[in-house]
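Work through the following exercises with the sequence and the model side by side, trying each task before reading its solution.

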Amino acid sequence: MTSLDKPTTEETSADTSADDARAVTEAALFEAFGGVRGMVETVLPGLLFVSIYTVNKNLHMSALAALGVALVMVVVRLVRRDTVKHAFSGVFGVGFGVVFAMMTGNAKDFYLPGMLYTLGLAVAYIVTAMAGVPLIGLMLGPVFKENLSWRTRNPGRKKAYTKASWAWGLILLAKCAILFPLYWWADTTQLGWVLVALKIPPFLLAVYLTWVFLAKAPPPIDVFAEMEAEERAEEERKAAAAGDGEGAPAGRHRRRS
């Protein structure tokens, strides 16, 4: 290999920085969306409900089993002192579904709160993207330690967040376009199995597109590091001012002597 063929230090450094940025993005997305365990906690209650209902058509047993497994997952996270936000969101979703189904006596209503939530979330992604404050940026900004700095100081990341929010909104709208007709026309088991089948693939597609957009975007501005640096600088200025104040009288005393 000639000297012209060998990668320069700058090229190697750029490649390393790009790899680091991708790794940080992957880790942040994994944390924000719960990873494999979060997906399991999202799917399992609904899967248990439709499985039991398919076998015995018992609404009460199916609903209580789904709620029970959701509560068990929360307890497991509490015992292990893990983050419980994904498990708690699952409990609330299942809880609302159980209440709806019990009130109406229609097993399909177990899925209705989650479907309405998905529709509302899709609209929120699209509306916030159109308004210039993309929801995905509001969600991931704290995870990347950039807060809202991307809105005014990092236009490349704002553009990436906007694209990601559009992707999430359109994917969720497509999911709703499949599920709501089934809610009216299909029976409970058909709706349930389709809903379970559509839990993970649209989610993975949206996460993947988010990763693609952010991996190509400029790195985040770590506002927490900036604040810490400002605090250190302020402490150093105060220490320097205090040192000058203590040294000044001694200097005057020496001049008088």
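**Exercise 1: a residue and its core**

Find the residues that Val-94 touches, not counting residues up to four places away in sequence. Solution: with contact taken as heavy atoms within 4.5 Å, Val-94 touches Pro-45, Ala-66, Leu-67, Ala-70 and Phe-110. This is a predicted model, in which local features need pLDDT of at least 70 and side-chain atom pairs count only at pLDDT 80 or more, while totals for chains, interfaces and linings use all residues. Residues are numbered from 1 along each chain as its sequence is written, and side-chain values use heavy atoms, leaving out hydrogens and water.

As a next step, Val-94 is among the residues that touch the most other members of the largest nonpolar core, which has 26 residues; such a core is a set of buried (under 20% relative accessible area, 1.4 Å probe, protein chains only) Ala, Val, Leu, Ile, Met, Phe, Trp, Tyr and Cys residues joined through side-chain atoms within 4.5 Å.

**Exercise 2: two helices**

Determine how H8 and H10 (residues 200–215) run relative to each other. Solution: helices here are DSSP runs (H or I, at least four residues), numbered from the N terminus. The axes, lines fitted to C-alpha atoms over the stretch in contact, with angles from 0 to 180 degrees between N-to-C directions, come within 9 Å and cross at roughly 165°. H8 and H10 are therefore roughly antiparallel, a term for angles over 145 degrees.

**Exercise 3: confidence**

Locate the helices of lowest and highest confidence. Solution: by pLDDT, the predictor's confidence in each residue from 0 to 100, H1 (residues 9–33) is lowest at a mean of 58, and H8 is highest at 96. Over residues 9–16, pLDDT stays under 50.

Key. Buried < 20%, exposed > 50% of the residue type's maximum accessible area, 1.4 Å probe, protein only. Parallel < 35°, antiparallel > 145°, perpendicular 65-115°, else oblique.
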